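Hi everyone, thanks for coming. I'd like to walk you through one structure today, so please have a look at it while I talk.

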Amino acid sequence: MTPQHSAPDPTQTLFGNLLDERLLHYRRTGTGERVATTLPELFLAMAQDQVRDFPALRPHQRHPWHAFLVQLAAIALHRAGRTEPFVTPGEWRAGLVALTPNDQDGAAWCLVSPVERPAFLQAPVLAGLDSKWETRTAADEIDVIKASKNHDLKSQRMTRTTHEDWIFALISLQTQSPGDSGSYKESSRMDGGWGRRPGIGIVPPGGYGCRWLRDQRILLSERSKISETFGLDQKGVAVTWLLPWDGSAHDALMVSDLDPFYIEVSRRIRFVYESGAIKAKTATTPISRIKPIKGGLTGDIWSPIDSDKDGRKILTVRPSGFNYKRAVNLLVPGVLELAPAMKIQRSDPPVGLTLNMQSIAWGPKNTNAGYHAREVRIGKKLAVMLSSMKQLEIDRLAEISKSRVEQIHEVSWMLEQALAVLFTNGAQSESSKRNDSTKERAKRFAEPFEAQCDAQFFPELINEIEADNREAVREKWLLALAERAERVLQSAFDAGPRSGQLRYRAQSEALRRLHSTMRSDKSKLPALAQALKSKKSTPFTSTDEETHEHA
C-alpha cells in the first residue's frame with residue numbers, strides 16, 4: 001500500500017485505486033492533523049470518530065460526499081449480513097470488493113481503467129470513446145452543470161487538479177446533477193430536471209463519524225420500508241456503474257431494478273491519463289440512465305417530501321434558500337413530510353443536536369441559484385418533544401412556529417407602510433403617490449428587518465418553546481419586534497426628503513404611522529397592541545420634540 005499517490009506507470013491499465021492508494025485526506029479530531037487515507041482506512045477512522053472534516057471538499061460537495069459514504073457503507077454491511085461497521089481496514093476492503101465480484105483486481109474502484117471495464121463511478125463503454133466525447137482538463141469543469149454563479153467558484157479555477165479534486169467533483173456530478181435542455185438528464189433523486197437534491201438531517205455531537213454512523217444505522221433500519229414504499233428491489237442493482245452504458249434507452253434502468261441503497265451515475269464520463277495528467281472524457285446523456293421517477297421519490301433519507309396539486313415530490317430549494325419561513329417547516333413536522341434522517345431518534349442524545357440543511361437552489365431558466373446551507377441548534381426540551389412524536393405537542397410546536405412567522409409578516413407590513421409614508425414626504429393616505437416604485441422602495445428598505453428576524457428566528461423560537469411562561473416570552477418578543485422595526489425605519493431617514501421642513505414632516509409622519517398601526521384596535525396583531533399599551537416605558541411614546549431630534 002503506497003502512502004501517497006504518484007504519477008501512474010503508463011504501461012499500467014489501472015491506477016488511482018481508492019481501496020489501496022491514499023488519495024483522500026481528512027483532518028483529525030482534536031489535533032487538526034492532516035491524514036492521507038484509503039477508502040477502507042477512512043471508514044475505520046470515521047467509525048472511531050477520528051475525522052473532523054475533509055479540507056479539499058467544497059461546500060456544495062458536502063452532502064453528495066456524505067450521502068455516498070453512508071450509502072456505500074450500508075450496501076457493504078447489508079451484503080455482508082452485518083448491522084455494525086467492520087473493525088479493520090482489511091474487512092472494509094473485502095466488503096467493498098465483494099460488491100464488485102467481476103472486478104476482483106479493483107478496476108471498479110480505480111479512477112482510470114480500460115474504458116470497456118467499470119471505473120470508479122464510471123460505467124463501461126463497450127464501443128470505446130469516439131470523437132464525440134469531449135475533453136475536460138480540470139475537475140471544476142465536470143462539477144454540477146449550469147451554475148449561474150458556479151457556486152462562488154470560477155470554472156477551471158484550479159491550476160493543479162489533484163486526484164481528490166476529481167473524486168469529489170465526480171461524486172457531485174453523478175449524484176446531484178440537474179437536467180439540461182435535452183443534452184443531459186438529471187440525477188434520479190430530485191423532482192425532475194428542474195429539481196435539486198436537498199441534504200437535510202440531524203447532526204449529533206462529536207466528529208464527522210458520529211453523523212455517518214447515525215445515518216448509516218437509520219438507512220439500514222429503513223431498508224424494507226424504502227423497498228415496499230417506493231418500489232425498489234431488495235436484490236436489485238446497488239453499484240450502478242458496474243453495468244455498461246452506451247447512452248441508449250436499451251440501457252436505462254427502472255426503479256424496480258434498483259437496490260434501496262443504490263448509488264447512481266447520471267452522466268457518461270470516463271477518466272483517462274494523457275500527457276502526464278488525468279483528464280475527463282464526457283458525452284451527452286439525452287436519455288436518462290435511470291428512467292424518470294415521478295417526484296424523485298426514491299426513499300432518500302435526507303430529502304423531505306413536498307406536496308401540491310400535482311402530488312408528492314422531493315422538496316426543491318428556491319433562491320431564497322433556507323430562510324426562516326422554509327427552515328421552520330424542516331424542523332417541525334406538519335407542512336412537509338420529514339425524511340428519516342431529519343427526525344430525532346430515541347437513540348440520539350438529548351443535548352447537542354443540530355439540524356443541518358444543505359442544497360443547491362433552483363433558479364430562473366433552470367439555472368443554479370447558488371449553494372445554501374443553514375444549521376439550527378436544537379435545545380434539550382425541544383429535542384425531547386420532537387423525539388416523542390406526541391401529536392398534541394407537535395401540533396402545539398407547529399402553532400407556535402406558524403404564528404411567529406405570521407406576526408413577523410404583519411410587523412414587516414406595518415414597517416413598509418411607514419417607509420412608504422417617509423418616501424412620499426409624509427403623505428398618509430393610500431393615494432396615487434404610492435406607486436409601484438414607492439412600494440418596491442419601501443419593501444427594499446424593510447429587508448434589514450426581515451434579515452434580522454431571520455438571523456434570530458430559531459434562538460427566539462426555541463427560547464419560547466422551552467420557557468415555563470410562554471406568554472410572557474411571546475409578549476417580550478413582540479415588543480422586541482416593534483423596537484427592531486422602528487430602528488430599521490430610523491435607519492432609512494437619510495434616504496427620505498433632505499430639505500428641512502419636508503424632512504421633519506416625513507420622518508415624524510412615518511414614525512406616527514408605524515406607532516399608530518401597531519397600537520390600533522383594528523390591528524391584525526392585537527397581542528402587540530395590548531403589549532404596547534400596557535408597557536409603561538416604551539420607545540413608542542416619542543414626543544414631537546424627540547421626533548424632531550431624530551430629524
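This is a predicted model: local features need pLDDT of at least 70, side-chain atom pairs count only at pLDDT 80 or more; totals for chains, interfaces and linings use all residues.

Let's start with helix 1. How many of its nine residues are buried? Eight of the nine are, so helix 1 is largely enclosed by the rest of the structure. The buried ones are Leu 39, Pro 40, Glu 41, Leu 42, Phe 43, Leu 44, Ala 45 and Met 46. And what covers them? The cover includes strand 2 (24-28), strand 3 (34-37), strand 4, helix 2, helix 3 and helix 5.

Now step just past the end of helix 1, to Asp 49. This residue sits in the loop that leads from helix 1 (39-47) to strand 4 (51-53). As background, most residues other than glycine have a negative phi. With a relative accessible area of 27%, Asp 49 counts as partly exposed.

There is another case for you to find on the screen. Leu 121 also has a positive phi, about 55°, without being a glycine. Look for Leu 121 in the loop between strand 5 (110-112) and strand 6 (134-136). Is Leu 121 buried or exposed? Its relative accessible area is 0%, so Leu 121 is buried.

Back to one of the elements that cover helix 1, namely helix 3. In helix 3, residues 89-97, the buried residues include Trp 92, Gly 95, Leu 96 and Val 97. Among the parts covering them are helix 1, helix 2 (62-79) and helix 5 (208-221).

In soluble globular proteins, nonpolar side chains tend to be buried together. Here, the largest nonpolar core has 80 residues, and Trp 65, Leu 69 and Phe 120 have the most contacts inside it. Helix 2 is the biggest contributor to this core, giving eleven residues. Take Leu 69 as an example: setting aside neighbours within four places in sequence, it is in contact with Leu 39, Leu 42, Phe 43, Met 46, Phe 54, Tyr 208 and Trp 212.

Last topic: charges. How many salt bridges does a search of the whole structure find? The search finds 28. I'll show you a few.

In one of them, Asp 308 pairs with Lys 313, with the closest N and O atoms 2.4 Å apart. Asp 308 is partly exposed, at 36% relative accessibility.

Another joins Arg 396 and Glu 399, at 3.1 Å from N to O. Both are in helix 9 (residues 391-423), three residues apart, about one turn of the helix. Arg 396 is partly exposed at 33% relative accessibility, and Glu 399 is partly exposed at 48%.

Then there is Glu 464 with Arg 474, at 2.8 Å from N to O. Glu 464 belongs to helix 11 (residues 447-465) and Arg 474 to helix 12 (residues 470-491), so the pair ties together parts that are ten residues apart in sequence. Both Glu 464 and Arg 474 are buried. Finally, salt bridges with shared partners join Arg 211, Arg 214, Asp 215 and Asp 348 into one network.

That's my tour, and I'm happy to take questions.

Methods. Residues are numbered from 1 along each chain as its sequence is written. Side-chain values use heavy atoms; hydrogens and water are left out. A salt bridge is a side-chain nitrogen of Lys or Arg within 4 Å of a carboxyl oxygen of Asp or Glu. Buried means under 20% relative accessible area, exposed over 50%, partly exposed in between (1.4 Å probe, protein chains only). Helices (H or I, at least four residues) and strands (E, at least two) are DSSP runs, numbered from the N terminus. Contact means heavy atoms within 4.5 Å. A nonpolar core is a set of buried Ala, Val, Leu, Ile, Met, Phe, Trp, Tyr and Cys residues joined through side-chain atoms within 4.5 Å.
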